[in-house]
Amino acid sequence: MVRIGNDWDELLAAEFGKEYYAKLREFLKREYFSGRKIYPPMEDIFNALRYTSYADTKVVLLGQDPYHGPGQAHGLCFSVREGIPMPPSLVNIFKELHEETGMAMPQSGSLTGWAKQGVLLLNTTLTVREGAPQSHKGQGWEILTDRIISLVDQKDEPTVFLLWGGNAKAKRPLIRNPKHLVLTCAHPSPLSAYNGFFGCGHFLRANEFLREHGRAPIEWDKTT
């Protein structure tokens, strides 16, 4: 039984009891105990929800699936563990932050500080095989994460959704509540960052929106 440790447990209890999740769980058992390397470690799969409760969620940042290199993924999209070199997409995120806010490049690629402030760092698929991006796509994770997105959409508190790249933007129809702000642009990957991610202004716009609605802004420089 999944145990997150905050309000997500009650909100997602019905999902964890559904047939699709039972099938997903069996698939994950086979994958993790097959001898293959699967990321993140099993105990870190639900870290996005553990670090950021439903009640505390102010910003949702959607990723696709976890990093698939050794030691990188720890359950928060775009984030890597302390001491792990920053992947190119994360470097570009920090470059955009520097341009918007003047923030210096952090020494660590961990984004746990954002998560603790209310940024839900959610991948749409929560696990992956080593060296094989999207290898766990279509196994049931998307049903669960779509439900998570829809639950946040139901919040009364105005919330910001950051949808970067095609995979994230495909979730736009799930966000129907006019109270929320949805910001879309290109993915921060080196392949697309110059097609609209750089210069997007999303970090400042998110904080402006939060302030306008009486919510504390995110201190983007507090990454850990």
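## Close-up views of a predicted model

**View 1. Valine 60 is tucked into strand β2.** Valine 60 is buried, with a relative accessible area of 1% (buried means under 20%, exposed over 50% and partly exposed in between, using a 1.4 Å probe and protein chains only). Its place is in strand β2, residues 59-63; helices (H or I, at least four residues) and strands (E, at least two) are DSSP runs numbered from the N terminus. Leaving aside neighbours within four places in sequence, valine 60 is in contact with Leu120, Val152, Thr159, Val160, Phe161 and Leu162, where contact means heavy atoms within 4.5 Å. Glutamate 219 sits 159 residues from valine 60 in sequence and 15 Å from it in space, C-alpha to C-alpha.

A quick note for all the views: this is a predicted model, with local features needing pLDDT of at least 70 and side-chain atom pairs counting only at pLDDT 80 or more, while totals for chains, interfaces and linings use all residues. Residues are numbered from 1 along each chain as its sequence is written, and side-chain values use heavy atoms, with hydrogens and water left out.

**View 2. Aspartate 9 reaches a backbone nitrogen from helix α1.** Aspartate 9 lies in α1, residues 8-16, and is buried at a relative accessible area of 15%. Its side chain gets to the backbone nitrogen of isoleucine 4 at 2.8 Å. Apart from neighbours within four places in sequence, aspartate 9 has Val2, Arg3 and Ile4 in contact.

**View 3. Helices α1 and α6 pack together.** The angle between α1 and α6 (residues 141-153) is about 140°, and their axes are 11 Å apart. Axes here are lines fitted to C-alpha atoms, for helices over the stretch in contact, and angles run from 0 to 180 degrees between N-to-C directions. The two helices are therefore oblique to each other (under 35 degrees counts as roughly parallel, over 145 as roughly antiparallel, 65 to 115 as roughly perpendicular, and the rest as oblique). On the α1 side, the contact is made by Trp8, Leu11, Leu12, Glu15 and Phe16; α6 brings Leu144, Arg147, Ile148, Leu151 and Val152. Sorted by type, the residues of this contact are 8 nonpolar, no polar and 2 charged. For that sorting, Ala, Val, Leu, Ile, Met, Phe, Trp, Tyr, Cys and Pro count as nonpolar, Asp, Glu, Lys and Arg as charged, and the others, Gly among them, as polar.

**View 4. Helix α2 packs on α6.** Here α2 (residues 19-32) meets α6 at an angle of about 125°, with axes 9 Å apart. That makes α2 oblique to α6. Tyr20, Tyr21, Leu24 and Leu28 of α2 make the contact with Trp141, Ile143 and Leu144 of α6. The tally is 7 nonpolar, no polar and no charged.

**View 5. Histidine 202 pairs with tryptophan 164.** Histidine 202 is found in helix α8, residues 202-212, and is buried, with a relative accessible area of 1%. Its side chain makes a polar contact with the side chain of tryptophan 164 at 3.0 Å. A polar contact is a pair of N or O atoms within 3.5 Å; within protein, one must be able to donate a hydrogen and the other to accept it, and residues adjacent in sequence count only if both atoms are side-chain atoms.

**View 6. Tyrosine 39 joins glutamate 130.** A polar contact of 2.8 Å links the side chains of tyrosine 39 and glutamate 130. Tyrosine 39 is in strand β1, residues 38-39, and is buried at a relative accessible area of 9%.
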